[in-house]
Amino acid sequence: MTNINWFPGHMQKARREVAERIKQVDIVFEVVDARVPESSRNPMLLSMLNQKPRIAILNKADLADPNRTKQWLAAYQAAGQSALAIDAQHANRLQQVAQLATQQLADKIARKKARGIKNPHIRAMCIGIPNVGKSTILNRLVHKNIAVTGNRPGVTKNQQWLKAGDNLDLLDTPGILWPKFENQQVGLRLALSGAIADTVFNDDDVALWGLEYFMREYPARLRKAYGLNDADLALAPNDLMVHLSDKLGFGEEYDRMATRFINDVRKGELGRYTLEVPEADHADA
Ligand code: GDP
């Protein structure tokens, strides 16, 4: 897990470094969190890619709502963008990363073969905001545990290529970009899912926003997790929070209830969830 304090100078330097390294690869693996596929990306990456092929990797799919993951993949596909949902922690569907990269670079590989190169290698790198699973993916793809040192912007070190299969070479250091915080919703989604650990938001705001979201989108989960009935679920979110606090024994210590709710969501006590759905206009924004 990487903890980075972003400030403008830092961001500029990170962006320059990542842009420099993008030049060295044939394809970029853009890693996002499947529970917040849009909010956990940095929109600046697209311009930095400069037309370079990219595969969107929706990681932590084991924690995300499978129906919504399907919707997200369909949206990417409709936008002509190759995308894949994986669970790197359990090495689920990881082999498809190399397959997809080979597919996407078929023309380039064919051209190299025509020039007499027997087994043309694909060079790739993982890029994403902190904590989306870049290092986990890297380690799984190269089948060993690499201490990813220097895994922060501003710390330069010699790049190394790691073998991740017969024809896939990976840069040993993932590219780190910052979350975009374009609006408050984005921050709240990232905070609730734990995609970012510490935020400018306080737990009360995050929990209340989350409770409202689950009441609207996943009421059955709340019912089950906290033994709620129809009348409870008809309450205003604020009142339900008070009710839960009482029910779970926190009394008037609402801040403890807020923290408990956030932890329950993050630990998956309320099941698998996704905090945003694709909109036609931002599937490939
Ligand atoms: P990075 O900052 O992007 O390099 O993220 P890490 O690889 O350090 O992963 C951040 C956290 O997410 C770690 O605790 C990982 O164990 C966890 N993690 C990574 N991939 C997955 C996944 O697919 N599913 C789940 N549940 N956890 C994951």
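**Strand pairing, burial and the ligand shell**

Q: Which residue in S2 does Asp-33 stand opposite?
A: Asp-33 stands opposite Asn-59 in S2. The model is a predicted one.

Q: Why is strand S2 (residues 54-59) described as largely enclosed?
A: A residue counts as buried if 20 or more other C-beta atoms lie within 10 Å of its own. Six of the six residues of S2 are buried, so the strand is largely enclosed by the rest of the structure. Arg-54, Ala-56 and Leu-58 point one way from S2, Ile-55, Ile-57 and Asn-59 point the other way, and all are buried.

Q: Why is Val-132 called buried?
A: The threshold is 20 or more other C-beta atoms within 10 Å. Val-132 has 29 such atoms within 10 Å, and it is therefore buried. Val-132 is placed in the loop between S4 and H6.

Q: Which residues does Val-132 touch, leaving aside those up to four places away in sequence?
A: The contacts of Val-132 are Val-31, Val-32, Asp-33, Ser-40, Asn-59 and Ala-195.

Q: How do you know whether Asn-131 is buried or exposed?
A: Asn-131 has 22 other C-beta atoms within 10 Å. The cut-off for burial is 20 or more, so Asn-131 is buried. Asn-131 is found in the loop between strand S4 (122-128) and H6.

Q: How do you know that the positions UniProt lists as "binding site" do not all gather at one spot?
A: The unreviewed UniProt entry places this feature at Asn-59, Lys-60, Ala-61, Asp-62, Asn-131, Val-132, Gly-133, Lys-134, Ser-135, Thr-136 and Gly-175. These positions span 117 residues in sequence, and their farthest two C-alpha atoms are 23.5 Å apart, so they do not all gather at one spot.

Q: What makes up the shell around the ligand?
A: By class, the shell has six nonpolar, eight polar and four charged residues. In total, 18 residues surround the ligand, and the closest are Gln-89, Gly-133, Lys-134, Ser-135 and Thr-136. Helix H6 (residues 134-142) supplies the largest share of the shell, three residues.

Terms used: Residues are numbered from 1 along each chain as its sequence is written. This is a predicted model: local features need pLDDT of at least 70, side-chain atom pairs count only at pLDDT 80 or more; totals for chains, interfaces and linings use all residues. A residue is near a molecule or strand if its C-beta atom, placed from the backbone, lies within 6 Å of it. Helices (H or I, at least four residues) and strands (E, at least two) are DSSP runs, numbered from the N terminus. Ala, Val, Leu, Ile, Met, Phe, Trp, Tyr, Cys and Pro count as nonpolar, Asp, Glu, Lys and Arg as charged, and the others, Gly among them, as polar. UniProt positions are given in the numbering used here, feature names are shortened, and annotations may be inferred rather than shown by experiment. A residue is buried if 20 or more other C-beta atoms lie within 10 Å of its own, exposed if 12 or fewer, and partly exposed in between; C-beta atoms are placed from the backbone. Two residues are in contact if their C-beta atoms, placed from the backbone, lie within 7 Å. Two strands pair if DSSP finds at least two bridges between them.
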